[in-house]
Amino acid sequence: MRNLLRGHWFPLLTLLMIVALVAAACGGSSDDESDGGTTATTVADDATTTTAGGDTTATTDTTTAPAERGNLVVGRTGDIDILDPHLATAFQSFRTLELVYDSLLGLDPDLTVVPSLAEEWSFSDDGLALTLTLREGVSFHDGSTFGSEDVVASLERILDEETGAVARSNVLGIVGITAPDAGTVVLELANQDASILASLADVNLAMLSSDAITAGTVDREPNGTGAFKWSEWKQGTSVTLGANGDYWRDGPFVDTIEFRVIPDESSILSGLRAGEVDFAPLTDPVIVLQATDPLVVYRTPALSYHVLQLNADRDVLADVKVRQAISCAVDRQEVIDSAALGEGAVTGPITIPAYRSDSDGLPCGGTRDVEKAKQLLAEAGYTDGVTLNTIVIAGEFSTATAEGEALQAQLAEAGIKLELEVLETGTYVDRWLAADFDAAVALNGGRPDPHPMYVRYWTSDGNLNPVAGYRSDGLDELMAAGQAETDTAARVAIYDQLSEELQTQSPWIWLYTGFEYRVTTDGVTGFTSMPNGSLQYLRQTSLSS
Amino acid sequence: MTRRFFLKRLGGALLTLFGVAVFVFVVLRLIPGDEITAMLGIESGTLTEVQRRALESYFGLDEPPISQFFGWLGNVMTGNLGYSMRSGVSVASLIADALPVTIELAVLSMLFGIVIGVPTGIFAATRQGKAPDVVAQSFGLIGLAIPNFVIGTFLITITASQFGYFPNAAGYVPPWEDLGLNLQQMLFPAISLGIVLAGSIMRTMRSAFLEVSTEPFVRTARGKGLSRRRVKWVVIFRNASIPVLTITGIQFGYLLGGTVVIEQIFALPGLGRLVLTAINQRELAVVQSTVLVIAAMFVIINLLVDLLYARIDPRIEIQ
Amino acid sequence: MALLEVQDLTTSIVRRSGSVPIIRNVNLNVDKGETLGIVGESGSGKSVTMLSVMGLIPSPPLAITDGAIRLKGRDLVGADEKTMQAVRGADMAMVYQDPMVSLNPVMRIGRQIEEGMTAHHVGKNEAQQRTLEVLGEVGIPDPPRVRDLYPHELSGGMRQRVMIASALALSPDLLIFDEPTTALDVTIQQQILYLVRELQRSTGVAVVWITHDLGVLARLVDRVAVMYGGRVVEVDDIEPLFSEPRHPYTEALMASVPGMHDDERAPLRQIPGSPPDVNHMPPGCPFQPRCEFAIERCTREMPPMLSHGTGESACWVPREEWK
């Protein structure tokens, strides 16, 4: 046998390769997934128009949904890791879990609080009790009915320290929970808290089935009231969700959603072009700018903000004039243009659309003034300029280093020297938490409500206040007032004041908000983007061939 | 080959693996950040003491390092490679899912490299100094010089943009589920890796071939009246293939270590990706056990290469 | 007609800048059953001559640029490769200098001998039989065991016997030995010499034996060709050559061999000077720079081969006039 092979192995090898390639070519076209969906355009149009102000109002009735509506493939760079919505922290987890679970309240594209599992709510006169009326006829994926006992069990689970729930600190103000009947829940609050509504809309406050909590299956068998049911999880590769036929809203309009892991964003883009991927949340502006026709790009200003954090607890930054000098020496638009290729908008401290602040309070009114900056530095006694040790995170977001360098160049002209230290995530996080820096180039997350967004940083006993590096009685008063004020207009005024104070005292230099990018093929309709990055409107999205 | 030989190699292998285990263990713990900061990022600053202690106990971070090390090692010896903290899935099953992907990719890349590299090397050697030789060597050099991910990205960009073809975005399928799609998904990655391999194999083949050609026994063969073809293949090639086979074997070992970037670009859920993700997530158990498995495979490959070497070169004796 | 006729053979290194001859106008004849010795220093061209006959000169850069070679009347210079392959091994065979490196290290002995036969269309079984036979003929003990061994498992002397066996396999008419014992120790040398002599007697094969060692020739060959500087300078039967050499080089060679009864403290007699460089050959006799007896004519003109008795030599100065 050996003699037979000897001298013939080379042609045999070539034959093997040819066989392999032929098999590949023949078997290749059997493609089971992708656009099997048919016309759903009428539905989609209607769905789009109802997004303003809550989507519980019935969409004008549609043609009966066609039999096969397809598998919507979402390409993303990471996989869900924690299945328990109370413990999940990664974006990838949120994006999947928010389709499987609902919370008591929801958010619309303007981040206004709207009904969800709770149809109505009202505060007592003294603001210390919040009554929620639950929606009827809602069931979990396993068939059991949703009622007040599930709400109570879920909230108690979150409040229990042992659970380690991520959002616990946001709802610590709840001191008592009662359920007078199956359809009503009353929350007793320690103090007036207007922000609690937005907190209740968070996916970390999803409503779980009390049975599931007792059985301890929450982290293994997701069972929610959401538009999609948990179907299959190939860890590290994909998560597939199936449509919930009994969903209490109209929809969903696809049979399945598959969240597919493709670690490289440019590969995702190639997947979109090839039609293998229908929808993708992308983050790198460089990649997004390559998404040309016929791909569709949704751009929404994000809640997260790019900022140059200053550590006012350090001697060199203790004098407000120094910080103001930095603020004056920065050209925010130029940072956007050079580091982010123009993909962004200048922002003040609060990025929520309803509370978005402009340039009030900025020492140079938002225009770059290098002379003024030098003057301020001189007044503070730093005629020779200052040097700041600046940490920059590598790899977490694509523009970090570019921003650092842009700022470095700008500030150098005013005699402010940034010594950039580009650090790997773990190292950066350690230094950041320890406030071991003069300055930090950061991308911090925003929240739909200004109170939870900043309470940890700008209240003197906030647990991230050391990282913020600055505190004042004025800020404390404003934060407390903002939390308690239930009248929307008055609340906006308070936070405007807060923003102005922050811009004047300049403990941080707020730069810009980027965009939340969603790139889709042209067959995807009915989707609406959200500033907080949520993909909740996939529940109204359809695929047309 | 005797029992003594195997015992000696086994002993050496165990020692090597122990060294790897210690090294990985120590390095991972020297990296700043732990599972908690990896999971929560800057949010980890919001944890209360109670929460932090609960998480530390959950991740096993509260035990002293030495007991962590031997606890882990002891588990490994009994077949328990640990668990992924976030998902609760056993490391063994994670590796079992990733290993076939990496092996398949390694084998196909190897085949590609050999199929391109060996004939090209012989071709260049037999036309030494002439134009075809120079061209072949240049290609070989280019193949070696270009990083594999550049080739990969280049291939994807062309086929996806121009022809709308990118099977890797369809989600990896193992060969037993859909052989056709699987081979399509492996084609470009194997080419990307194979071209680089081909470069190195070509050069080794060429120089080995040239060297053997000048050996006296080649003249003896011709002197017996053997045909040119027979002399080329049975005499020269057979001898020249020895160094090529050893290089190939070692390269295969490296491929098994996981070619992370290629796996990332082509969305292949192999060992490289498994380790990389685990490192970013500070999933220490996953990293430690997987690296140990990779090291073990490398050791086995080395042993097999040595055995193969002894098999094809009768002058080598296994002591 | 002689078995092997080499006529005016010139082999050169062919370069773009021009050809440089390595051997020039070599004339040799070997009759059936005859034993011819070729003797000379390293670089004299003795190996190149016989390699040219076998068609085994590395080409490029070497090539036969002039002359004729005929084996059994057949022209070999103009023959194509296929013809040469048929001739090699079957009509003439060569045994090379260093047995340590002249055998394929990865192939068993038996197979190496067999492949020489199967290349000439001998059936496998027949080839295997013949292999055992021929291993026995060269004095290798236990041929069935040895045939399955690899070259590195044999001693130098055994390997050389294997090479001889391989050369004998197809019973060629001519065997060429290129310094086959230079790399072996003296006792083995004797054994090999004895073996070859026996083979000659029993099979009547013609032998060409290349060496730089005169002593070897004494008991082995019938005739000797002396080469120097790429040319044949003297050819004669063994006895007359030894007793009355006609070329100063031959004379010097003889004289340089230490005798049994020499004074052991006397310095060894050497030939002064060094062999000529192929690229810078003097116009006249190549030996002239080192020749004791050279005259003025030797520097200008190459002497032709002049017959005398049983042999020829190329020298302007007859032996009688040597001083």
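Which residues point one way from E1(A), and which the other way? Asn71(A), Val73(A) and Gly75(A) point one way, while Leu72(A), Val74(A) and Arg76(A) point the other way, and all are buried. Buried here means under 20% relative accessible area, exposed means over 50%, and partly exposed lies in between, with a 1.4 Å probe and protein chains only.

This is a predicted model in which local features need pLDDT of at least 70 and side-chain atom pairs count only at pLDDT 80 or more, while totals for chains, interfaces and linings use all residues; side-chain values use heavy atoms, with hydrogens and water left out. Residues are numbered from 1 along each chain as its sequence is written, and chains are lettered from A and ligands numbered from 1 in the order in which they are written.

**Chain A**

Chain A has a mean pLDDT of 85, and 87% of its residues reach 70 or more; pLDDT is the predictor's confidence in each residue, from 0 to 100. Residues 1–11 of chain A have pLDDT below 50, and this stretch has six contacts in the model beyond near neighbours in sequence. A contact means heavy atoms within 4.5 Å. Residues 21–63 of chain A also stay under 50 in pLDDT, and the model has 64 contacts for them beyond four places in sequence.

Chain A contains 19 helices and 19 strands. Helices (H or I, at least four residues) and strands (E, at least two) are DSSP runs, numbered from the N terminus. Of the 545 residues of chain A, 56% count as buried. Among contacts in chain A with a separation of 6 or more, 70% come from residues 24 or more positions apart.

Strand E1(A), residues 71–76, is mostly covered, with six of its six residues buried. E1(A) pairs with strand E10(A), residues 256–261, in the parallel sense over six bridges. Two strands pair if DSSP finds at least two bridges between them.

**Helix packing in chain B**

Helix H5(B), residues 91–126, packs with helix H10(B), residues 228–256, and also has a contact with helix H8(B), residues 179–213. The table sets out the two pairs. Axes are lines fitted to C-alpha atoms, for helices over the stretch in contact, and angles run from 0 to 180 degrees between N-to-C directions.

| Pair | Angle | Axes |
|---|---|---|
| H5(B) and H10(B) | about 145 degrees | 10 Å apart |
| H5(B) and H8(B) | roughly 40 degrees | within 5 Å |

The crossing of H5(B) and H10(B) is right-handed, and H5(B) passes H8(B) in a right-handed crossing. A crossing is left-handed if the near helix is turned anticlockwise from the far one by less than a right angle, and right-handed if clockwise.

By class, the contact of H5(B) with H8(B) has 25 nonpolar, eight polar and two charged residues. The contact of H5(B) with H10(B) has 13 nonpolar, five polar and one charged residues. Ala, Val, Leu, Ile, Met, Phe, Trp, Tyr, Cys and Pro count as nonpolar, Asp, Glu, Lys and Arg as charged, and the others, Gly among them, as polar. Residues of H5(B) in the contact with H10(B) include Ile103(B), Met110(B) and Ile122(B); those of H10(B) include Trp233(B), Phe237(B) and Phe252(B).

Val261(B) lies in helix H11(B), residues 260–265. At 38% relative accessibility, Val261(B) counts as partly exposed. Val261(B) and Gly272(B) are eleven residues apart in sequence and 8.1 Å apart in space, C-alpha to C-alpha.

**The sheet of chain C**

Chain C has an open sheet of eight strands in the order E6-E7-E8-E3-E9-E10-E12-E11, with mixed pairing. Strands E6(C), 92–95, and E11(C), 306–308, stand at the edges with a single partner strand each, so one side of each has no neighbour in the sheet. Neighbouring strands are turned by 20 degrees against each other on average, direction ignored.

E6(C) and strand E7(C), residues 174–178, run parallel and are joined by four bridges. The bridge partner of Ala93(C) in E7(C) is Leu175(C). Helix H6(C), residues 156–168, packs on the sheet and touches E6(C) and E7(C); its direction makes about 175 degrees with that of E6(C). Helix H10(C), residues 248–256, packs on the sheet and touches E9(C) and E10(C). Its buried residues, among them Tyr249(C), Leu253(C) and Met254(C), pack against H8, E9, E10 and H9 of chain C.

Arg88(C) is in the loop between H2(C) and E6(C). Arg88(C) is buried, with a relative accessible area of 1%. Not counting residues up to four places away in sequence, Arg88(C) touches residues including Arg222(B), Lys224(B), Glu81(C) and His120(C).
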